[in-house]
Amino acid sequence: MQEKKLIYDGTFDGFLSAVFYVFEHKIKLASIENEFVAQNGLFSEDIIIITEEDKANRLWTGLKSKVSSQGSYQIYYAFLSEQLGVENILLDYIRYAFSSTLKVDKNYAHPSVLKIAQIAKMVGREKHRMEAFVRFRLTKDDVYFANIEPDFNVLPLISKHFKRRYADQKWMIYDISRHYGLYYDLNKVEIINMEFPKHFDFTKTDENLFKEQEFEFQKLWQDYFKSTNIESRKNMKLHIRHVPKRYWKYLSEKQPD
């Protein structure tokens with residue numbers, strides 16, 4: 001039997017539309033791939049999936065009746081991991097969920113359920129780190145700007161946190177790796193795309209873009225960080241465990257004087 005490869009547009013609704021297609025056409029041997037990473041297969045039939053919101057919603061509603069609220073979060077978090085092949089682990093998970101009369105998300109004896117829970121945990125950890133490590137800088141347009149470079153696509157997960165915490169100021173968080181960001185205009189959060197100069201250095205605070213008071217604030221923050229850092233009690237291993245080095249280049253307190 002020839003495998004059918006379903007190619008979707010990279011969105012969660014697109015993925016759910018692909019899964020709906022599998023059930024609708026009773027496809028036994030199927031794989032799902034993001035169009036941005038899909039490769040031509042010698043022994044598979046490629047099918048381009050059109051994202052259909054109504055079908056995606058129908059599948060998602062049905063799926064949520066088969067798992068707990070935590071299980072539905074785990075499915076979404078795992079999807080946002082963007083790990084190679086995660087769509088097929090999710091497809092196996094979803095097939096298992098619809099074949100069972102009981103909620104399946106706690107059945108870690110099933111390999112796909114266990115794997116999705118493990119991936120979701122990693123994404124959740126990255127989400128919390130981004131909420132803690134984002135450092136805003138005030139631009140000359142009076143917008144607080146921050147750039148991040150997370151391992152996983154966590155922007156959709158941190159939107160509510162920052163909207164609630166910084167409700168009285170305009171802000172933008174830009175994902176360097178995925179080339180899109182979130183912009184809050186005091187009313188709503190929108191997804192935005194921006195073009196930066198080819199050799200733009202996100203680790204630097206350019207005086208042409210940022211307000212003068214931003215440099216003063218960064219200096220105060222660095223001084224505070226130094227004053228609270230007791231050299232004799234320094235535990236670098238513990239510090240790196242809580243603040244991995246890959247985040248340091250975007251933390252103002254870690255920048256050289």
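Is E82 buried, exposed or partly exposed? The points below take up this residue and its surroundings in a predicted model.

1. **E82.** The answer is that E82 is partly exposed. Its relative accessible area is 44%, which lies between the 20% limit for buried residues and the 50% limit for exposed ones. E82 sits in the loop that joins helix 3 to helix 4. Its phi is positive, at about 60°, although E82 is not a glycine. E82 is also listed with G10, T11, N34 and N153 as the residues closest to the centre of the largest pocket.

2. **The largest pocket.** This pocket holds about 760 Å³ of space. Its lining is made up of 27 residues. By class, these comprise 13 nonpolar, eight polar and six charged residues. At least two lining residues come from each of helix 1 (12-24), strand 2 (30-34), helix 3 (69-80) and helix 4 (86-99). Domain 1 (4-126) and domain 2 (134-254) each contribute at least three residues to the lining.

3. **Overall make-up of the chain.** The chain has 257 residues, of which 42% are buried. Eight helices and eight strands are assigned. Among contacts with a separation of 6 or more, 70% join residues 24 or more positions apart.

4. **The largest nonpolar core.** This core contains 52 residues, and the members that touch the most others are F15, I32, L90 and I173. Helix 1 gives the largest share, with seven residues. Both domain 1 (4-126) and domain 2 (134-254) are represented in this core, each by at least three residues. A separate core of eight residues lies apart from it, with F145, Y174, I176 and Y183 among its members.

5. **F15 within the core.** Which residues does F15 contact, once its neighbours within four places in sequence are left aside? They are Y8, I32, F79, E87, L90, L91 and I94. Two of these partners, I32 and L90, are themselves named with F15 among the core members that touch the most others.

6. **I7 in strand 1.** I7 belongs to strand 1, which covers residues 3-8. Because its relative accessibility is 12%, under the 20% limit, I7 counts as buried. I7 and F36 are 29 residues apart along the chain, and their C-alpha atoms are separated by 9.2 Å.

7. **K26.** K26 is another residue other than glycine with a positive phi, in this case near 50°. The residue is placed in the loop between helix 1 and strand 2. K26 counts as exposed because its relative accessibility is 70%, over the 50% limit.

8. **T101.** Where does T101 lie? T101 is in the loop between helix 4 and helix 5, the latter spanning residues 111-133. With a relative accessibility of 78%, T101 counts as exposed. The C-alpha atoms of T101 and K66 are 7.9 Å apart, while 35 residues separate the two along the chain.

9. **Points to inspect together.** The loop positions K26, E82 and T101 may then be compared by exposure: K26 is exposed at 70%, E82 is partly exposed at 44%, and T101 is exposed at 78%.

Conventions
Residues are numbered from 1 along each chain as its sequence is written. This is a predicted model: local features need pLDDT of at least 70, side-chain atom pairs count only at pLDDT 80 or more; totals for chains, interfaces and linings use all residues. Side-chain values use heavy atoms; hydrogens and water are left out. On a 1 Å grid over the protein atoms alone, a cavity is a set of points where a 1.4 Å probe fits but cannot get out, and a pocket is an open set with protein on both sides within 12 Å along at least five of seven lines; lining residues have an atom within 4 Å of a point. Grid points are joined across faces, edges and corners, and a volume is the space filled by probe spheres set on the points. Helices (H or I, at least four residues) and strands (E, at least two) are DSSP runs, numbered from the N terminus. Ala, Val, Leu, Ile, Met, Phe, Trp, Tyr, Cys and Pro count as nonpolar, Asp, Glu, Lys and Arg as charged, and the others, Gly among them, as polar. Domain bounds come from an automatic or database domain assignment. A nonpolar core is a set of buried Ala, Val, Leu, Ile, Met, Phe, Trp, Tyr and Cys residues joined through side-chain atoms within 4.5 Å. Buried means under 20% relative accessible area, exposed over 50%, partly exposed in between (1.4 Å probe, protein chains only). Contact means heavy atoms within 4.5 Å.
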